[in-house]
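Here is a friendly note to read alongside the model. Take the points one by one, and keep the structure open as you go.

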Amino acid sequence: LLIATHQFLSSYLPVKDSIELQFDDLDWLENELKGSFKLLKYYFPSYQLPPKIVAYIGPFDAPGVAITRYTLAIGLQLYAGKNFSFYTSVQGQELYPRYISRRFEKPYISVNCMKALEDDLFPDSSAGKSLIDQMIQKGKYWWLADRLLPEKPDSLKTGFTQKQLAWCRANEGLIWNFILQNNDIFTVDPDLIKNYIGDAPSTDGMPDISPGNIGQWIGLQIVKRYVENKSSISPGELMKTDPKKIFEEAKYKPK
């Protein structure tokens, strides 16, 4: 075990040194997080933020963001830039395909931190529920991200490329009709749900330019439509609203 540990440390040291050079100054990140933390405390004053933020460089299969009772930990090894040598290697692509590793960029750090805090505030309990429930529940998180990260572009908050976002906006009605025509909207079949929820290079049955996780994007649009008629609703109230209620009252019918 000691030999294996020594070999790992010896081989990993140049990687660690390379990443450290990219993060010799983290003042920009501290400023970004401070701004979002203020908004988080404004909307949720009783929420206790982790008292410490720790940036570390760990093995590549370690998380990019993790929350413990006392720490918000940021794994810088997953933010070294999409063209970092390990990400583009065979081993790196096996671990993180290109459609995932292209997001291993610095601007995603604060976005992923806030998403982790959202999950801590409102744990996602939609697993096992119908597709529409999961779409709307997950859409709420992106809606909340808009409140907490107002200056960040949608491409960072959704993880979609600009082309994918433009395609979604231009084809919102077609996407919705595709889901309806396939009678998938109320399915609880996890294999079918996987086609609409979660990371993937694209959505099966749609053009290659379509993003994976398109269900969460549609869920966000349904949430937005619901909120249009609920101008006084607070983020806390919205996050606790039953997805079924949101779906029924949104009367979502995109063109």
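**Notes on the model**

1. Let us begin with A250, which sits in helix α14, residues 243–250. Helices (H or I, at least four residues) and strands (E, at least two) are DSSP runs, numbered from the N terminus. Before going further, note that this is a predicted model, where local features need pLDDT of at least 70, side-chain atom pairs count only at pLDDT 80 or more, and totals for chains, interfaces and linings use all residues. Residues are numbered from 1 along each chain as its sequence is written, and side-chain values use heavy atoms, with hydrogens and water left out.

2. Is A250 buried or exposed? A250 counts as buried because its relative accessibility is 4%. Here buried means under 20% relative accessible area, exposed means over 50%, and partly exposed is in between (1.4 Å probe, protein chains only). Setting aside neighbours within four places in sequence, A250 is in contact with I222, R225 and Y226; contact means heavy atoms within 4.5 Å. From A250 to K230 the C-alpha to C-alpha distance is 10.0 Å, and the two are 20 residues apart in sequence.

3. K230 comes back in a salt bridge: its side chain meets that of E249 at 3.0 Å, N to O. A salt bridge is a side-chain nitrogen of Lys or Arg within 4 Å of a carboxyl oxygen of Asp or Glu. This pair links distant parts of the chain, with E249 in helix α14 and K230 in the loop between α12 and α13 (235–240), 19 residues apart. E249 is partly exposed at 31% relative accessibility, and K230 is partly exposed at 28%. K230, K245 and E249 are linked in a network of salt bridges.

4. How many salt bridges does a search of the whole structure find? The search finds 10. One of them joins the side chains of D199 and R103 at 2.8 Å, N to O. These two are 96 residues apart and link distant parts of the chain: D199 is in the loop between α11 (190–193) and α12 (214–228), while R103 is in the loop between α5 (98–101) and α6 (108–121). D199 counts as partly exposed at 46% relative accessibility, whereas R103 counts as buried at 17%.

5. Another salt bridge brings together the side chains of K138 and D124 at 2.6 Å, N to O. K138 lies in helix α7 and D124 in the loop between α6 and α7, so the pair ties together parts 14 residues apart in sequence. K138 is buried, with a relative accessible area of 17%, while D124 is partly exposed at 32% relative accessibility.

6. Now look at the largest nonpolar core, which has 69 residues; M135, I175, I222 and L238 touch the most other members. A nonpolar core is a set of buried Ala, Val, Leu, Ile, Met, Phe, Trp, Tyr and Cys residues joined through side-chain atoms within 4.5 Å. Helix α7 (residues 131–148) gives the largest share of this core, 10 residues. Not counting residues up to four places away in sequence, I175 touches W167, C168, M206, I214, W217 and I218.

7. T158 is found in helix α8, residues 154–158, and is buried, with a relative accessible area of 11%. A polar atom of the T158 side chain lies 2.8 Å from the backbone oxygen of D154. T158 also touches W142 and L165, not counting residues up to four places away in sequence.

8. There is an open sheet of three strands in the order β1-β3-β2, with mixed pairing. Which strands stand at the edges? They are β1 (52–56) and β2 (65–67); each has a single partner strand, so one side of each is left without a neighbour in the sheet. Two strands pair if DSSP finds at least two bridges between them. Five bridges join β1 to β3 (residues 71–75), and these strands run parallel. K52 has T71 in β3 as its bridge partner.

How values were computed. Polar contact = N/O pair within 3.5 Å; in protein donor to acceptor, adjacent residues only side chain to side chain.
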